[in-house]
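Open the model in a viewer and keep the sequence panel beside it. The stops below say what to select and what is there.

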Amino acid sequence: AKKRHIAAKLRLEPHHRVLDIGCGWGGLALYLVKVADVAEVLGVTLSEEQIARARQRAESQDLADRARFALTDYRAVEGRFDRIVSVGMFEHVGITHYRRFFARIGELLTKDGVALLHSIGRFDGPASTNPFIDKHIFPGGYTPALSEVLPAVERNGLLVTDVENMDVAFTGRSGAGDVHLLVVVREAQTVGVRHLVVGNHDIDAAARVPPIDLGRQLLLRITD
């Protein structure tokens, strides 16, 4: 369900080239090629194990010509992409590197490109990472507040067009301490904009807060 939802958010077309930053085991990249039928997906990761498995999966499904995987840092990627997606990698970027991360997103997007970022985040403002997440989910990672992410987006000429609450959409619940942030952006242009989408998903039942309707609070949709 989440892969389908992400594909819909990206507004994919058959001619699109897609970059998957932090592609993991290749599941999303393969889905976008096989189900969304895009022209090409390049998945990048720094894990040799993930690259080997992703390439194996692409070969076994006869998709290796359209789903390619590279052992490289996203900052070293060259070319332009119609769509950029990153799921579960942003937690490792580090808050001091947010501006450079979104600057690179802007450099890699085409003029009317769309980027989607999915990350664990938090509702209660900047603070240290939840101990459960630090121990069991992303050791050494940092879960950002939306207020820490958006300034880096805006300062790089990117426009946030969608902030969505995935907690309600995918778990049937609302309200939590730590959540998944899903962000969609576009680069501001004289005509049209490249856009970024943000959403979130509750993953920690501990430190819960009274239920609130996060969907209405966080949905920021701007049409061009």
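Start with helices α4 and α6: α4 passes α6 in a right-handed crossing (the near helix is turned clockwise from the far one by less than a right angle). Helices (H or I, at least four residues) and strands (E, at least two) are DSSP runs, numbered from the N terminus. This is a predicted model, in which local features need pLDDT of at least 70 and side-chain atom pairs 80 or more, while totals for chains, interfaces and linings use all residues. Residues are numbered from 1 along each chain as its sequence is written, and side-chain values use heavy atoms, without hydrogens and water.

Select residues 98–108 for α4 and 146–154 for α6; their axes, lines fitted to C-alpha atoms over the stretch in contact, come within 8 Å and cross at roughly 45 degrees. Show side chains: Tyr98, Arg99 and Phe102 of α4 meet Glu148, Val149, Ala152 and Val153 of α6 (contact means heavy atoms within 4.5 Å).

Next select strand β2, residues 40–45, where 6 of 6 residues are buried (under 20% relative accessible area, 1.4 Å probe, protein chains only). Glu40, Leu42 and Val44 lie on one side, and Val41, Gly43 and Thr45 on the other.

Ile21 has Val44 as its bridge partner in β2.

Finish with β3, residues 67–71, joined to β2 by 5 bridges and parallel to it. There, Ala67 is the bridge partner of Val41.

Conventions. Buried means under 20% relative accessible area, exposed over 50%, partly exposed in between (1.4 Å probe, protein chains only). Two strands pair if DSSP finds at least two bridges between them. Axes are lines fitted to C-alpha atoms, for helices over the stretch in contact, and angles run from 0 to 180 degrees between N-to-C directions.
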